[in-house]
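Please walk through this protein with the model open beside the text. Start with the overall fold and finish with a few single residues.

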Amino acid sequence: MRTRALSAVFAALAALAATAATAQQTVRVRGAIESVDGTSLVIKQGDGSEVTVKLTDNAQVFGVVPATLADVKPGAFIGVGAMPQPDGSQKAIQVMIFAESQRGLGEGFRPWDRPGTTMTNATVDTTVASVDGQVVMVKYKDGQQKIVIGPDAAIRAYVPGDKSELKSGAHIAIVRADKMPDGTMQTGRINVGRNGVLPQ
């Protein structure tokens, strides 16, 4: 019985280790393209370091463009990075309006990559003006959130892009890049800023 229990414990620990190893191999990449060689991009990141990212054969490119509060309308699928408020609402820091082909991507409510913040990917249900800004109710498969979008929130939209946009000097962001054994990165999706936008 003890042997079985120990085996179960070791199996659980091995599974946790495997999960941690997998999680460590997925990273976020942001910066400017230094050079392009076929499907390989050399990216200079904000800290000055360089990383090589190889695009998969079917990699998707999305442009990131400025948007306005008027674009956040019922039926839109959005991603909101926000700061939780005492009343349970979320005060938007950044709002991303997804392209229709991205609908459902990362749907749900979870911590964001900034301390103490949240990320909600959901469909806009209703919007109404208030003294604090636009109040937006969003719904996702497990619930809903009340989002307050004030005048200081950055609003951007994803639009279908093309690999021809991936050239030296272009600012890009990769939400999930897979770290390969040789130290390079690989991704199937890359966002590129347009009209001076720095994609996050």
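Predicted model: local features only at pLDDT ≥ 70, side-chain atom pairs only at ≥ 80, totals over all residues.

Numbering starts from 1 along each chain as its sequence is written, and side-chain values use heavy atoms, with hydrogens and water left out.

Begin with the secondary structure. The protein has 1 helix and 12 strands. Both kinds of element are DSSP runs numbered from the N terminus: helices are H or I, at least four residues, and strands are E, at least two. The order from the N terminus is α-β-β-β-β-β-β-β-β-β-β-β-β.

Now consider the chain as a whole. Of its 200 residues, 37% count as buried. Buried means under 20% relative accessible area, exposed means over 50%, and partly exposed lies in between (1.4 Å probe, protein chains only). The accessible surface comes to about 11,200 Å², and carbon and sulfur atoms hold 55% of it. Such areas come from the Shrake-Rupley method with a 1.4 Å probe; for residues, only the protein chains shown count as cover. A contact means heavy atoms within 4.5 Å.

Next, look inside. The largest nonpolar core has 20 residues. A nonpolar core is a set of buried Ala, Val, Leu, Ile, Met, Phe, Trp, Tyr and Cys residues joined through side-chain atoms within 4.5 Å. V72, I78, V95 and I149 have the most contacts inside this largest core. At least two of its residues come from each of β4 (77-84), β5, β7, β8 (133-140), β9 (143-149) and β10 (154-160). Take I78 as a guide. Leaving out residues up to four places away in sequence, I78 touches V72, V95, M96, I97, F98, T120, N121, A122, V124 and V138. Another core lies apart from the largest one. This other core has 17 residues, among them V53, L55, V61 and V192.

Turn to the empty space. Rolling a probe the size of a water molecule over the atoms shows where such space is left. The largest pocket has a volume of about 650 Å³. On a 1 Å grid over the protein atoms alone, a pocket is an open set of points where a 1.4 Å probe fits, with protein on both sides within 12 Å along at least five of seven lines. Grid points are joined across faces, edges and corners, and the volume is the space filled by probe spheres set on the points.

Which residues lie nearest the centre of the largest pocket? They are R28, R110, M119, N121 and V175, out of 25 lining residues. A lining residue has an atom within 4 Å of a point. Two or more lining residues come from each of β1 (26-37), β5 (90-97), β6 (108-111), β7 (118-130), β11 (171-179) and β12 (185-193). β11 gives the most, with 4 residues. By class, the lining has 12 nonpolar, 6 polar and 7 charged residues. Here Ala, Val, Leu, Ile, Met, Phe, Trp, Tyr, Cys and Pro count as nonpolar, Asp, Glu, Lys and Arg as charged, and the others, Gly among them, as polar.

Some single positions complete the tour.

S89 sits in the loop between β4 and β5. At 4% relative accessibility, S89 is buried. S89 is in contact with M83, P84, K146 and V148. Q102 lies in the loop between β5 and β6. Its relative accessibility is 5%, so Q102 counts as buried. Q102 touches F62, F77, Y158 and R189.

M185 belongs to strand β12. M185 is buried too, at a relative accessible area of 8%. Its contacts include V27, V51, A177 and M180. M185 and V51 are 134 residues apart in sequence and 7.5 Å apart in space, C-alpha to C-alpha.

Is N195 buried or exposed? N195 is exposed, with a relative accessible area of 68%. N195 is found in the segment after β12. Most residues other than glycine have a negative phi. N195 has a positive phi of about 55° although it is not a glycine.
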